[in-house]
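Good morning, and thank you for coming. Please look at the sequence and the structure as I bring them up.

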Amino acid sequence: MEAVPEKKRVTVDGQDYELVFGRPASLTSKPFTYCPGCNHGTIHRLVAEVIDELGIQHRCVGMASVGCSVFSYEFFDFDFISCAHGRALAVATGVKRVQPDTVVLSYQGDGDLAAIGTAETIHAANRGERITTIFVNNAIYGMTGGQMAPTTIIGQRTTTTPEGRDEHRIGWPIRMSEMLALLPGVAFVARTTCHDAKSILKTKVAIKKAFRAQLEDRGFSMVEILSNCNVNWRMTPQDAVNWVGEEMTKVFPPGTYKDVFAEDQEKARADAPSKTKAQSSEKTEV
Amino acid sequence: MSAQRVFMKGNEAACEGAFRAGCKFFAGYPITPQNEVPEYMSKHIWDHGGTFIQSESEVAAINMLMGASAAGARAMTSSSSPGISLKQEGISYIAMSELPCVVMNVVRCGPGLGNIAPHQGDYFQATRGGGHGDYRTITLAPNSVQEMAQFVYLAFELADKWRNPALVLSDGTIGQMMEPVDFSEMPYVEPPDKSDWCLNAHQEGRERHLITTIYLLAEDMAPVHERLVKKYERIKKAEVRYTDYMSDDAEILIVAIGSPSRVARSAIKAGREEGLKLGLLRPITVWPFPYGVIRQYAESDRVKAIVVTEMNWGQMVEDVAMAVSGKKPVHFVPKHGGLTFTPEDMLEPIRAIRENPMNPETLWVQT
């Protein structure tokens, strides 16, 4: 799980040091421009670490979506294209079909993926496009100033649900991971959070599996990451992080909703005796 | 397909033109009267090493095209009017990203669902950008099955030459009719290498490639706009195409595109038999529009009036009027609702125009 794959030396004030924690190669040197306490920086770093560890930086092509991460290409250091609001997975489909050797990353927020781009999301997943999607769910529209998102939870106040989200007026928070898990084209989908160290480490494990699903040609993969928006939630960064862990996870339970690797293992276990049998009977026939 | 001369439908000929141009990606959605395009593509593009996707929507199709083009492929989509409206968002992004692609519109009658009869109501949309923001698309208007193939072939060339979306503005008649097509001047070509800018898996040892349309600071956006404007100016100088028919001695010049331009030829022949000196000017590119040549006709003493025949409420006539600049009366002879012209539909008003070049019945007055 080390962030720096090779031991590097650095010189500070004439002293030679071993670098034990540095910037992943897949991130540019540009400082993050996200708000203090926002999880985008954490998630960018996790994605970059996974890409470094898998050694795929120079094959990666990123889809920048519309929302707070619209400039994600300034921070990730590989080929990138900026897409219209909600259309990242359609653009990703075009890229991946033309250049199947690329590793395609789509980095989207909840408005982009679960409102304006719902059709593109569901159909890319249903076609089993070999694309890895990082879906950052912070239950609000951050960039436009705190309006209701498709994932805003019941009672949550936003600038367009000033009295709190009322399901009778505007419906319920949408659970994308559960929905996508129903589709045969999906190889891996999990929901994680970033509200404490343990959950951040789990998120990284899920991101790696999601990329593996693409690299091993298994199908569509997505990690939904519950994130905070302390600014638009009108909370302190600490309260916002607590709210993710205490309130958001009730509506959006973390977990793995589809995992072909786990299914493989289960199947292998179940098939093991019968397979041996089949093989032996084949042999006798010969 | 190896035969050089084939009897086929306009929509299918367009696909063959695309294959010969090296089209490797097609995404589309069913809509009449262009269904033969995705159907033909889905059957044959694989043999040419390409990919077909029946998308979930027109919006998705054009964005798939954006991705395919960004990844370096020659890519195409087609639709008919309501579907082309949906594609406008993507065309705006593709134009701003300076990505090449080909979009074919087999125009039907609008607004709204309208009907599936041939129409020319999408002229403004095709020649003025069509989506949000300030941009232009190179737009070719075929009037035969031969030209469906040829103009798609040419559209790919122009799209790559200028790194700009190119449109083929057809109509239901041209898309649906069958004629012989000669492919001898459309050899199969290898698409150009775009590895110096496209997105791919070979990034080792090169700068990363970034394709974006967002420039938050006006100071950053202005030079991009300036570059685009200059590009459009160069396209206007280099790519104007038109053809004429019996216009050398014409006293009344008809300007028409698409299927009405075919009817106009019949009207000209019949008119000349009764002593009407008629000729046709047919723009092949409607953007860039052949303003210059129309201005020359307008300035000629011989030409008494200019008649624009369109299957809409008056769109190309505005470009013609702009070219003529009041030097000669401009008349507008329309067909509405998806009805198509007969030669007599054109000749009747033209006889009145010969009697009175300022005939108020058809005189186009800019309002």
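Predicted model: local features only at pLDDT ≥ 70, side-chain atom pairs only at ≥ 80, totals over all residues.

Strand β4 of chain A, residues 79-82, is joined to β10(B) by two bridges, and these two strands run parallel. Within this pairing, A:Ile81 stands opposite B:Ile211. Two strands are taken to pair if DSSP finds at least two bridges between them; strands (E, at least two residues) and helices (H or I, at least four) are DSSP runs, numbered from the N terminus.

Residues are numbered from 1 along each chain as its sequence is written, and chains are lettered from A and ligands numbered from 1 in the order in which they are written.

Let us turn to the wider interface. In total, 33 residues of chain B are in contact with 28 residues of chain A, contact being C-beta atoms, placed from the backbone, within 7 Å. On the chain B side, two or more residues come from each of β2 (23-28), β3 (51-54), α3 (58-70), α4 (81-96) and β10 (210-211). Which element gives the most to this side? It is α3(B), with nine residues.

Next, a sheet in chain B. Five strands form an open sheet of mixed pairing, in the order β11-β13-β12-β15-β16. Its edge strands, β11 (242-245) and β16 (330-334), each pair on one side only. Further in, β12 (252-255) and β15 (305-310) pair in the parallel sense over four bridges, and there B:Leu253 has B:Ile306 as its bridge partner.

B:Ile306 leads us to the largest nonpolar core. This core has 183 residues, and B:Ile306 is among those that touch the most other members, as are B:Val168, B:Ala14 and B:Val152. Such a core is a set of buried Ala, Val, Leu, Ile, Met, Phe, Trp, Tyr and Cys residues joined through C-beta atoms within 7 Å; buried means that 20 or more other C-beta atoms lie within 10 Å of a residue's own. Helix α6 of chain B, residues 145-162, supplies the largest share, eleven residues. The core lies between domain 1 (5-200 + 228-238) and domain 2 (243-355) of chain B, because both give residues to it; the domain bounds come from an automatic or database domain assignment.

Methods:
Contact = placed C-beta atoms within 7 Å. Buried ≥ 20, exposed ≤ 12 C-beta atoms within 10 Å, placed from the backbone.
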